[in-house]
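The entries below keep to cavities and their linings.

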Amino acid sequence: MGSEKREPIKNPRIWIILGILLAMITPWYFPASFGEILVYGVPLWAVIIVLSSLLLSAYLSYVLKYHWMLEEDEEEAEQKGAK
Amino acid sequence: MDLAFSGWSGILILAMYGLIMLGVGVVTYLRNRHIHQSLDEYYLGGRGLGVMVLFFTFFATQYSGNTVVGYPPSAYRMGYEYLVSVPFFITIIMAYLLFAPRLYRLGKKYRLVTPAQWFEKRYKSKAVTILASLLMLYGLGNYLLEQLVAIGQGVSGLTGGTIPYQVGVVFFVIIMVIYGWLGGMRSVAYTDTMQGIALLFGVFMLLIGSIVYFGGLPTSADYMQAYSPEKLGVPDGPGVMNWFSLLVMIGIGAAVYPHAIQRIFAAKSERTLKRSFSRMAWMPFLTAGVVFIIGIIGINAYPGLTEGESEQLVGMMASAVASQNVIFYWAMVLLFGGVIAAIVSTADSVLLTFSSIISNDLYGSYINPDASEKKKLLVGKMVGLVAVGILILVAWFPPGTLYQIFVLKFELLVQIAPGLIIGLYWNRLHTKAVFAGMLVGTIIASSMTLFGLSYFGIANGLWGLLVNIGICVVGSLVMTVSVVEEKEAKQVIGM
């Protein structure tokens with residue numbers, strides 16, 4: 001992973017993807033018929049919203065893990081030094 | 001709410017929860033006797049919270065007893081349109097990405113204890129810091145008031161009125177203050193963990209019980225198809241607008257709550273903080289998602305309730321589930337104890353942050369900067385206690401007029417966001433513009449609330465916030481920031 005510093009706000013790609021995901025978790029793009037089709041008792045549009053929300057959570061976990069590196073290397077070095 | 005199964009078992013479980021919380025306080029005190037000399041130790045747990053505890057203490061700031069008792073009735077009335085309650089908890093984590101990485105770093109660098117201290121560091125202006133502190137104290141005070149009222153109602157509901165409202169409030173406030181004083185942030189975070197686990201367990205048992213007893217989502221969908229197909233339908237134009245504004249408002253609003261910000265400073269390391277956030281990103285499915293399903297099952301279980309009756313939905317469903325067998329009975333008693341515990345856990349976080357702003361920012365920076373940390377702590381604790389006393393009186397004797405001023409919280413708390421967040425990145429942000437924006441935003445948001453005005457279905461706090469951001473940005477572009485000031489800001493941010 002190297003020692004380069006990464007801050008999510010400085011990476012425009014992250015915010016473009018988050019923007020797309022934000023659009024996906026808002027129910028503006030469904031035809032009315034999606035309210036009539038049921039999947040195990042859940043309307044199809046709601047299923048898609050839940051799947052998109054899972055996608056958003058997964059992407060946030062990814063960003064948190066790999067695109068936020070400001071202190072971690074130093075903190076870990078400190079910890080090793082302390083031991 | 002009146003529960004058929006409540007009574008002595010309710011009293012027993014509440015007494016048990018109370019004792020456990022006190023026990024946590026005593027153990028924390030015995031293991032950390034040194035914490036009463038240092039603001040860092042008392043208010044931030046020595047900046048040493050690990051992943052699990054940090055996660056549950058964030059969890060307690062976002063999910064309260066209200067999530068369990070108040071959300072299913074909304075799902076009952078609105079149907080699938082209320083599914084928005086799942087993604088809006090995820091957008092909170094998205095909002096954290098805007099400022100938490102940098103704020104954690106600066107918090108560590110400057111040993112920040114409260115959000116107000118960041119304002120002092122960044123703007124070096126008494127006016128800005130005091131205004132921000134007062135906004136936070138006022139908002140937090142009202143937030144606390146709301147929790148106290150909820151504790152009283154919850155206790156009297158769970159025990160079927162055996163324990164009156166007032167006794168319930170006083171009992172839990174005393175316990176909360178004692179364990180808070182004994183162990184500071186550590187006590188609060190450890191009890192948050194216990195309370196969170198009880199709540200999660202109870203909610204899952206209620207879901208299982210409801211599915212067994214009333215039937216699952218397909219049964220409910222059959223009912224809706226026949227009698228209220230609009231509850232299954234895709235939201236219409238205004239529905240989508242409302243959905244989107246909730247995503248934005250809750251996302252930003254809950255992320256900048258002062259007690260939530262303070263938890264960023266309390267993290268043991270960047271890694272710990274990241275992992276806690278990452279878990280938080282998945283929690284909406286297990287909490288908001290589960291209570292949403294319970295509300296939808298309720299549509300079929302108790303059809304045709306009026307708005308007032310539907311508010312009792314969770315109590316009705318839990319009573320029915322509890323009457324099935326002894327395991328469900330105790331699970332439901334545990335659930336309602338957990339609901340009250342969750343309200344207490346939100347209240348204790350709010351009270352601790354309230355005291356910290358008094359200790360560190362108002363008393364510690366301006367009134368008596370030379371005081372020892374021990375004295376600053378004592379003043380914070382005492383003022384916190386007085387504030388709780390006043391709030392209990394307000395909760396007991398609600399004033400007939402002017403009650404609206406006790407409702408303002410989000411409207412005020414969110415006004416600190418521009419100064420807090422934009423100030424992290426923009427060196428040229430002008431101190432006077434921040435002050436003017438915060439003041440005007442507050443006046444707009446609170447007068448709209450007090451006079452009951454509303455435009456385009458957008459929340460009052462958001463209108464205030466938009467004007468606030470406008471003033472900050474335009475004001476900073478118009479007024480010149482001296483080269484020295486800009487350099488100073490650059491140095492403070494240091495990135």
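**Cavity entries**

I began with the helices (DSSP runs of H or I, at least four residues, numbered from the N terminus): α2 (39-44), α8 (165-214), α17 (326-367) and α18 (373-396) of chain B each supply at least two residues of the lining of the largest cavity. I note that this is a predicted model, where local features need pLDDT of at least 70, side-chain atom pairs count only at pLDDT 80 or more, and totals for chains, interfaces and linings use all residues. Residues are numbered from 1 along each chain as its sequence is written, chains are lettered from A and ligands numbered from 1 in the order written, and side-chain values use heavy atoms, without hydrogens and water.

I took a cavity as a set of points on a 1 Å grid over the protein atoms alone where a 1.4 Å probe fits but cannot get out; lining residues have an atom within 4 Å of a point. Volume is the space filled by probe spheres set on the points, which are joined across faces, edges and corners.

I found 3 cavities of 30 Å³ or more. The largest holds about 130 Å³. Its lining has 15 residues, and B:Tyr42, B:Trp181, B:Leu351, B:Leu352 and B:Ser355 are the closest to its centre. α8(B) gives the largest share of this lining, 5 residues.

I then looked up the second largest cavity, at about 70 Å³. Its lining includes B:Phe59, B:Tyr63, B:Leu199 and B:Val291. Here too α8(B) has the largest share, with 3 residues.

Note on methods. On a 1 Å grid over the protein atoms alone, a cavity is a set of points where a 1.4 Å probe fits but cannot get out, and a pocket is an open set with protein on both sides within 12 Å along at least five of seven lines; lining residues have an atom within 4 Å of a point.
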